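Here is a short report on one protein model. Read it with the structure open, and find each part as it is named.

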Amino acid sequence: MVPDRSAEFTAEFARVRPSSPLKPTRSTRDAIVLRRAPFSETSQVVDLLTPDDGRLSVLARGSYRDKSTFGGPLDVLTRGVADVQRRRRSELDLLHGFQITQPWRGLRRELTTWLGANHALELIRAFAWPRDREPALFDALAGVLDLLDRARERFEIEAYLTSFAGRVLGIAGFVPVLDACVRCGNDVRSARRGWLSLAQGGLLCGSCSTPDRTAIVCSDGVIRLLRRALGGARDDADTPAWTEAVVTEARRAIDLYVEYRLERPLLSRRLLDRTERTPSREPVA
Ligand SMILES: [Zn+2]
């Protein structure tokens with residue numbers, strides 16, 4: 001339970017500027033640390049994701065000092081109550097305090113989990129805009145980090161990331177067309193395989209796939225998983241057993257789709273792929 005300290009800080013602000021006609025610019029909010037960098041020998045610049053203000057860049061003055069109010073330098077992949085003072089004439093707001101409510105220690109136990117969590121951060125950084133209210137993105141990130149924190153198997157990590165990437169694409173409005181061929185409109189729901197066109201933003205049927213150099217061939221299982229992750233058809237009745245290989249392939253297809261939309265590679269995707277083990281043959285779902 002996050003303690004609500006807003007009244008306390010509003011009172012504090014009122015003491016500082018008792019007759020100010022301006023709205024209070026200092027308040028506490030739930031936040032997740034997305035990135036941090038040294039600003040000087042004693043301070044950090046930190047990127048926060050917040051539900052109501054999107055991404056905020058804040059200066060944590062003195063966070064490296066032994067006796068700082070932060071209790072030590074801020075770290076990525078922690079959630080807390082941030083005491084932020086907004087500044088009208090600067091892109092950089094001031095952070096006065098950060099009380100950790102969720103340290104997500106489980107993310108730090110294994111390399112694969114850590115890379116998976118950083119992959120989630122890279123996706124969020126790509127789609128969360130500065131100072132833009134989008135509580136759904138905050139909830140999606142907090143949710144996937146809670147799941148990854150408890151994940152033990154590679155399969156779980158890949159499945160959570162696939163579902164998370166699908167959710168982010170849905171919120172950002174970039175969901176690919178998966179039920180009909182994006183070029184000719186033919187129904188492709190019963191096809192044994194399909195081609196996901198990065199350029200055209202959806203599946204292609206066999207006859208339309210040839211001229212498209214950006215098309216990735218996807219098995220039936222991968223397409224079903226993509227539909228599930230992207231909130232499309234709920235074909236629970238005949239859901240095939242998803243293997244680790246299918247889940248990893250689906251996550252990769254979504255990542256390539258994201259990279260095409262962003263027009264740049266996702267560094268974390270490459271790092272994660274390097275840690276891939278031999279795919280399991282066991283059906284796990
Ligand atoms: Zn077609």
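## A pair of helices

Start with two helices. Helix α3 covers residues 135–150, and helix α4 covers residues 154–172. They pack at an angle of about 180 degrees, and their axes are 10 Å apart. Angles over 145 degrees count as roughly antiparallel, so α3 and α4 are roughly antiparallel to each other.

Now look at the residues that touch. From α3 come Ala 136, Leu 137, Ala 140, Val 144, Leu 147 and Leu 148. From α4 come Ile 157, Tyr 160, Phe 164, Arg 167, Val 168 and Ile 171. By class, this contact has 11 nonpolar residues, no polar ones and one charged.

## The whole protein

This model is predicted. The protein has 285 residues, and buried residues make up 35% of them. Its secondary structure comes to eight helices and eight strands.

Some contacts link residues at least 6 apart in sequence. Of these, 59% join residues at least 24 apart.

## The barrel

Five strands form a closed barrel. Follow them in the order β1-β2-β3-β5-β4. The pairing is mixed. On average, neighbouring strands here are turned by 50 degrees against each other, direction ignored.

Ser 57 stands opposite Leu 92 in β5. In general, strands of a sheet pair through backbone hydrogen bonds, either parallel or antiparallel.

## A loop residue

Asp 52 is found in the loop between β2 and β3. Is Asp 52 buried, exposed or partly exposed? It has 13 C-beta neighbours inside 10 Å, so it counts as partly exposed. A residue needs 20 or more such neighbours to be buried, and 12 or fewer to be exposed.

Which residues does Asp 52 touch, leaving aside its neighbours within four places in sequence? They are Arg 29, Arg 133 and Pro 135. Asp 52 and Glu 134 are 82 residues apart in sequence. In space, their C-alpha atoms are 6.2 Å apart.

## The open sheet

A second sheet is open and has three strands, in the order β7-β6-β8. Its pairing is antiparallel. The edge strands are β7 (202–204) and β8 (215–219), and each pairs on one side only. The twist averages 40 degrees from one strand to the next.

Strand β6 covers residues 193–197. Three bridges join β6 to β7, and five bridges join β6 to β8. Leu 196 stands opposite Leu 203 in β7. Arg 193 stands opposite Ser 219 in β8. The hairpin of β6 and β7 has four residues between the strands. In this hairpin, Gly 201 takes a positive phi near 75 degrees.

How many of the five residues of β6 are buried? Four are, so β6 is largely enclosed by the rest of the structure.

## Helices on the open sheet

Helix α6 (residues 220–229) lies across β6, β7 and β8. It runs at about 100 degrees to β8. Helix α7 (residues 244–262) packs on the sheet as well, touching β6 and β8. The direction of α7 makes about 155 degrees with that of β8.

Finish with helix α2 (residues 111–127) and helix α8 (residues 267–274). Their axes come within 8 Å and cross at roughly 160 degrees. That makes α2 roughly antiparallel to α8. The crossing is left-handed.

Here α2 brings Leu 115, Gly 116, Asn 118, His 119 and Glu 122. They meet Leu 267, Ser 268, Arg 269, Leu 271 and Leu 272 in α8. By class, the contact of α2 with α8 has four nonpolar, four polar and two charged residues.

Methods. Residues are numbered from 1 along each chain as its sequence is written. This is a predicted model: local features need pLDDT of at least 70, side-chain atom pairs count only at pLDDT 80 or more; totals for chains, interfaces and linings use all residues. Two strands pair if DSSP finds at least two bridges between them. Axes are lines fitted to C-alpha atoms, for helices over the stretch in contact, and angles run from 0 to 180 degrees between N-to-C directions. Two residues are in contact if their C-beta atoms, placed from the backbone, lie within 7 Å. Angles under 35 degrees count as roughly parallel, over 145 as roughly antiparallel, 65 to 115 as roughly perpendicular and the rest as oblique. Ala, Val, Leu, Ile, Met, Phe, Trp, Tyr, Cys and Pro count as nonpolar, Asp, Glu, Lys and Arg as charged, and the others, Gly among them, as polar. A crossing is left-handed if the near helix is turned anticlockwise from the far one by less than a right angle, and right-handed if clockwise.
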